[in-house]
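Got a minute to look at where this protein leaves open space and where it meets its DNA? Have a look at the model first, then read on.

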Amino acid sequence: MPELPEVETVRRDLVRHVLGRCVVTVEVTGRRSVRRQDPVEFAGALRGRTIESVSRRGKYLFATLDDAALLVVHLRMSGQLLLVPSGASTPREPHTHVVLGLDDVSELRFVDPRTFGELFVTSDLGPDGRPAALGALGVDPLVDPIDGRVVRELLAGRRTTLKALLLDQRAIAGIGNLYADEICFRAQLRPDRRTDSIGISAATRLWRAVVEVLDDAVAARGSTLRDARYRDLHGGHGHYQRSHAVYGRAGEACTVCGTPIERARIAGRSAHYCPRCQR
DNA sequence: CGCATATCCTGACTGC
DNA sequence: TGCAGTCAGGATATGC
């Protein structure tokens, strides 16, 4: 499931391969993937536009068009953006819902079996330059400069579990279930630890873990799990799954102390942690 | 406020 | 082997 590192990997691939490309054709076959606006309006807003930059905040991708509108993409659970050079030769995968034909005869395809993902084009931007239609998005650990004071405010500002805080996109944007668990492990903090009980040194450790885990995962081009739901722009796998310490490892030995990794339900999600290394 | 739960959906997995 | 049932999760809405 694409989280910040996977979305960032796709963003970098897009910057490399579709920047400056003009959208020539737009085909919407999956209505659910373009559900915020009329597909005809969506197609009209894209056709003839050139992609000038690609940015990201949390798990949202934004492609800035030459008329200053934004193409917004969220992959949610199973969405993939695939760039296929010269359209006719490569058969479309099942669940291909949107196809953008580009002026270099490549195709940008949106494939999404579970149809939770979505695309839309908007010019209605808030004062922060982000689409007004999106809910509040918190700090992006790889985009926003952040100091210890901000981290302590985040932690003290709510009485909840660490896991719930990490998953709350209004607080921190980009972390999902997998990376939340890996971050807690790296920070040596239990996912069910109350945020208001985390002191200054642990808070420092936590933020270092957030940035390190996400940086490492981006360097590894993200995590592709057994279900192979995440692919990069060219259909390739990430390999950060090889570095997972806890996620998906319930019952297996902790890589540090050998204690079996436990799995519990925290904040409505499965959580994996080492009961010995994490306090 | 915080938390749980339901919703959307399909594919992978589990258990009989 | 095959089939039915369960689980997975990102964002959002709603109820307690």
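By class, eight nonpolar, four polar and four charged residues make up the lining of the largest pocket in this predicted model. Here Ala, Val, Leu, Ile, Met, Phe, Trp, Tyr, Cys and Pro count as nonpolar, Asp, Glu, Lys and Arg as charged, and the others, Gly among them, as polar. That pocket has a volume of about 460 Å³, and of its 16 lining residues, Lys-59, Met-77, Gly-176, Asn-177 and Arg-269 are the closest to its centre. A pocket is an open set of points on a 1 Å grid over the protein atoms alone, where a 1.4 Å probe fits, with protein on both sides within 12 Å along at least five of seven lines; lining residues have an atom within 4 Å of a point. The volume is the space filled by probe spheres set on the points.

The second largest pocket comes to about 200 Å³. Its lining includes Arg-226, Asp-227 and His-244.

Now for the DNA. Arg-226 turns up again, among the residues that come nearest to DNA strand B.

| Protein atom | Distance to a phosphate oxygen of DNA strand B |
|---|---|
| His-95, polar side-chain atom | 2.8 Å |
| Arg-159, polar backbone atom | 3.2 Å |
| Arg-194, side-chain N or O atom | 3.2 Å |

Residues are numbered from 1 along each chain as its sequence is written, and chains are lettered from A and ligands numbered from 1 in the order in which they are written. Local features need pLDDT of at least 70, side-chain atom pairs count only at pLDDT 80 or more, and totals for chains, interfaces and linings use all residues, while side-chain values use heavy atoms, with hydrogens and water left out.

Terms used: A residue is near a molecule or strand if one of its heavy atoms lies within 4 Å of it. A polar contact is a pair of N or O atoms within 3.5 Å; within protein, one must be able to donate a hydrogen and the other to accept it, and residues adjacent in sequence count only if both atoms are side-chain atoms.
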